[in-house]
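Thanks for coming. Please have a look at the sequence and the structure, and then I will go through them.

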Amino acid sequence: ADGPSRRARTPPMPARSVRGSSPGARKAALRGVSWTSILVRAYAMVLRQYPQLNGFWTGEGVRPNQQVGVSIAIDTPSGLIAPVLADPDLITLRQLDEQLRSLIAAAKAGQVSADQLTGGTGTVSNLGGMGVDRFNALLTPPQATAFSLGAVAIRPIFAEDGGVVPQVCCEVGLTIDHRTADGADAARALQTMQEFLQDPFLLLA
């Protein structure tokens, strides 16, 4: 299994204007929300939009999942565990941020229940906090995708006029089970994710 990677330009950033939003309004809407929460939200939205990436492979084909469950890979004193956020695209972004922070704290304290380890349909692995810019996340069968997050940093980006501007970026990758989808499907999913990130109000909807 493998898949494409992409440098995602994460909000707040210059983006097309929607609903009369200004850069200041976008920045205020996301204030205090972690980058991980923003990217988990975008990943969940992509899984919802691309059912083949949210399905499980069985011997007879792809079994679709009605729910989206994002397993969060967390490094704990007892080793790696991956508790699940259920349908993180169907709650508000701030609720997601609160749930994610609570889940990470519970995992590190060894207080995650067995029920919280079930229901995952995709996994997020974030090594950005360890200074890793890019990597390939391993699949957790029967999940069809694993989403890798590198370090969020300000990097030089070429603008349309040829100038160089600083923008907040994150290298992400999407590992896929090729029995459920192919590389082109993953590439389209990452393109859709970039569109979500370019317009933070889509993440807040």
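How many helices and strands are there in the protein? There are five helices and ten strands. Keep in mind that this is a predicted model.

Some overall values come next. The protein has 205 residues, and 44% of them count as buried. It exposes about 10,100 Å², and 54% of that area is supplied by carbon and sulfur atoms. Take the contacts with a separation of 6 or more: residues 24 or more positions apart account for 65% of them.

Now to the aromatic rings. A pair of aromatic rings is described by the distance of the centres and the angle of the planes. The structure holds one aromatic pair. Tyr 43 and Phe 147 form that pair, and it is stacked, at 5.0 Å centre to centre with 15° between the planes. The angle counts as stacked because it is under 30 degrees.

Where do the two partners, Tyr 43 and Phe 147, lie? Tyr 43 is in helix α2, residues 35-49, and Phe 147 is in strand β9, residues 145-158, so the pair ties together parts that are 104 residues apart in sequence. Both Tyr 43 and Phe 147 are buried.

Both of these residues come up again with Thr 123. Thr 123 lies in strand β8. Is Thr 123 buried or exposed? Its relative accessible area is 9%, so Thr 123 is buried; the cut-off for buried is under 20%. Leaving aside neighbours within four places in sequence, Thr 123 is in contact with several residues, including Tyr 43, Phe 147, Ser 71, Ala 73 and Thr 145. For Thr 123 and Thr 145, which are 22 residues apart along the chain, the C-alpha atoms are separated by 6.8 Å.

Pro 64 is a case for contrast. Pro 64 sits in the loop between β3, residues 61-63, and β4. With a relative accessible area of 51%, Pro 64 is exposed, given that exposed means over 50%. Pro 64 and Asn 54 are ten residues apart in sequence, and their C-alpha atoms are 6.7 Å apart in space.

Next, the empty space. Rolling a probe the size of a water molecule over the atoms shows where empty space is left. The largest pocket has a volume of about 620 Å³. Which residues lie nearest the centre of the largest pocket? They are Ile 72, Ala 73, Ile 74, Asp 75 and Asn 126, out of 33 residues that line the largest pocket. Elements that give two or more residues to this lining are α2, β4 (69-72), β5 (74-76), α3 (93-108) and β8 (122-126). The largest share, five residues, comes from α3. By type, the lining residues divide into 15 nonpolar, 14 polar and four charged.

Last, two details of the backbone. Most residues other than glycine have a negative phi, and most peptide bonds are trans. Asp 87 is not a glycine, yet it has a positive phi of about 45°. Asp 87 is placed in the loop between β7, residues 84-86, and α3. Which peptide bond is cis, with omega near 10°? That is the bond from Pro 141 to Pro 142. Pro 142 is found in the loop between β8 and β9.

That is the end of the tour. Questions are welcome.

How values were computed: Residues are numbered from 1 along each chain as its sequence is written. This is a predicted model: local features need pLDDT of at least 70, side-chain atom pairs count only at pLDDT 80 or more; totals for chains, interfaces and linings use all residues. Side-chain values use heavy atoms; hydrogens and water are left out. Rings of Phe, Tyr and Trp (its six-membered ring) pair if their centres lie within 6.5 Å; planes under 30 degrees apart count as stacked, over 60 as edge-to-face and the rest as tilted. Helices (H or I, at least four residues) and strands (E, at least two) are DSSP runs, numbered from the N terminus. Buried means under 20% relative accessible area, exposed over 50%, partly exposed in between (1.4 Å probe, protein chains only). On a 1 Å grid over the protein atoms alone, a cavity is a set of points where a 1.4 Å probe fits but cannot get out, and a pocket is an open set with protein on both sides within 12 Å along at least five of seven lines; lining residues have an atom within 4 Å of a point. Grid points are joined across faces, edges and corners, and a volume is the space filled by probe spheres set on the points. Ala, Val, Leu, Ile, Met, Phe, Trp, Tyr, Cys and Pro count as nonpolar, Asp, Glu, Lys and Arg as charged, and the others, Gly among them, as polar. Contact means heavy atoms within 4.5 Å. Accessible areas come from the Shrake-Rupley method with a 1.4 Å probe; for residues, only the protein chains shown count as cover.
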